[in-house]
Structures are given as structure tokens and as C-alpha cells.
Amino acid sequence: MSYSVGQVSGFAGVTVRTLHHYDKAGLLSPSDRSPAGYRLYSDADLARLQQILFYRELGFSLDEIGGLLAGPHTDALALLRERHRQLKEQIARLTRLAEIAERAMEVQSTGVDLAPHERFEVFGEVTFDLSYATDAHLKWGHSERHREAMARAAAHTKEDWRQIMTEAAAWRQRLLAAHDAGEAPGSTAVMDLAEDHRAHIARWFTPCPPEMHCRIADEYVEDPRAFALVVPAPEQRPGLAAYLRTAVHANAERARTA
């Protein structure tokens, strides 16, 4: 079977100009010509074109592809191994850049008005899930309390955030200690922990009556991304989110019956 340059262009998804360029570069010369002098490509030519396009997709230059097609199998394997190594390095670098960009977007989504170096100084490796921040805004953006929390977060200074993070870390350690010691979530000590958490939200972000606190605690169980804002994943224990929710609901009940 013979195929015209237009047909090959359609098959391979490359332009006629590209095929002409490959011909001039000596990478892919058609096996035949029509009586009128037009290029005609064979099945073998198409197979070679497939190889060229494969190597181009991997980022090889045309000169390198020429060497790969002309050289022995061992040379091609060595070049492919080297390209594989380079691609893995590029992937790692781009992944890191994506994480940095995502981190910047996440912090912006929280309304934290700090310079980049200040954000890292305050938050360290604590990260916010951008998808959760977006979902939360869509879910609660109409709420006056959500808007107030975002506005207050944007107004906090670096020292405010340093204090917020210090308080949160100290409270988290108390929660983990109570859980690990087997304290019942409905005990006075653990309900007091829940009350401290509610007061922390009210002090730094927005008024948080018991019923609102219960909804927040329910979200911790329903969405791991929300709970990760309270207890980072490396510090979590199985059932810890439910443990906190039970304590929050018990504390709300205590407040109602007081």
C-alpha cells in the first residue's frame, strides 16, 4: 500500500509541512513517488514515522532522533534511559512547583494577608487543601459568619497568626493525650477541650455558638480535608475525628442543660 502525503498527514495528525521537513532532514523520506512526482509513503514509512513521533513526544531533538533510528539497539536504550532519568527529574521539579503554586493559592483562599516569607515562618509545613477551601467557600460563602471569619482572618497580623498556631498546637497535643489515654469523649475533661476549641474559633474568627460548633465537628467526620486543618494527617489517629465530634456534641448538650 502507498499513501499520499495528505493521507499520511491525516493518519498521523501532523502537518504536510512537517512531513516535508522530516524528508529534508533525512529522517523520513518516502519510499516512492507517483508518476507525477508526488511523495508516496509505504507501511514501513508509516512505522518509522510512528517511531519519530514517539521520540519527539519524549522531547528528543531531530538530530537525536536521527541517531536513535540509525544507531544500534544498545545506544538507543542508553539514550532512552537517560531521557527517562531527565523526565523523572522534570516531573519532580514540576510537581514541587505545582505544590508551591497550590500552597500560595490555598493561603490566599484563607484570606491570610501575609508576605510569602511570613506565611512560611508562621505556618511552616502546615498546608490547606485548596479543593476544600473552594468547596467551603461555595458551601458557606452566603453565610454572614463565614464572611466575617474570612474578613477577620485577612486582618490578622503575623503575630496574631503566630499566636493562633501556638494555641492550636497546644490544644491539639492535649486532645491527642486525652484520646491516647482513653479518656471518654463525654468526660468533663474532654468536654472542656471541646469548649476550648469553640472559644478559640470565637476569639479569632467568628462567634461560634454550640449549635454551630456541632456543625463544624460534623464536618470533621464527613470530610477528612476539614479535620486535617485541625489535626494534620501525620498526627491523626483512627476514630479521632469522631472522638472530637462526640465531645463537641456532649459539650453543646452540657451548655443547653446548664
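Is Y55 buried or exposed? In this predicted model, Y55 is buried, as its relative accessible area is 8%.

## Aromatic pairs

The model contains five aromatic pairs. One of them joins Y3 and F11, whose ring centres lie 5.4 Å apart with 80 degrees between the planes, an edge-to-face arrangement. The two partners can also be described by their accessibility. Y3 has a relative accessible area of 13% and is therefore buried, since buried means under 20%. F11 has a relative accessible area of 54% and is therefore exposed, since exposed means over 50%.

The rings of F54 and Y55 form a tilted pair, because their planes stand at 55 degrees; their centres are 5.4 Å apart. An angle over 60 degrees would be needed for edge-to-face, and one under 30 degrees for stacked. Y55 is buried at 8%, whereas F54 is partly exposed, with 48% relative accessibility. Together with F60, the residues F54 and Y55 make up one aromatic cluster.

## Contact between helices α10 and α11

Helix α10 spans residues 188-204 and helix α11 spans residues 210-222. Their axes come within 11 Å and cross at roughly 105 degrees. Angles from 65 to 115 degrees count as roughly perpendicular, so α10 is roughly perpendicular to α11.

On the α10 side, the contact involves A194, H197, R198 and I201. These residues meet P210, H213, I216 and Y220 of α11. Sorted by class, the residues in this contact are five nonpolar, two polar and one charged.

Conventions:
Residues numbered from 1 in each chain as written. Predicted model: local features only at pLDDT ≥ 70, side-chain atom pairs only at ≥ 80, totals over all residues. Heavy atoms only, no water. Phe/Tyr/Trp six-rings, centres within 6.5 Å; stacked < 30°, edge-to-face > 60°. Buried < 20%, exposed > 50% of the residue type's maximum accessible area, 1.4 Å probe, protein only. Axes fitted to C-alpha atoms, helices over the stretch in contact; angles between N-to-C directions. Helix = DSSP H or I, 4+ residues; strand = E, 2+ residues; numbered from the N terminus. Parallel < 35°, antiparallel > 145°, perpendicular 65-115°, else oblique. Contact = heavy atoms within 4.5 Å. Nonpolar A, V, L, I, M, F, W, Y, C, P; charged D, E, K, R; others polar.
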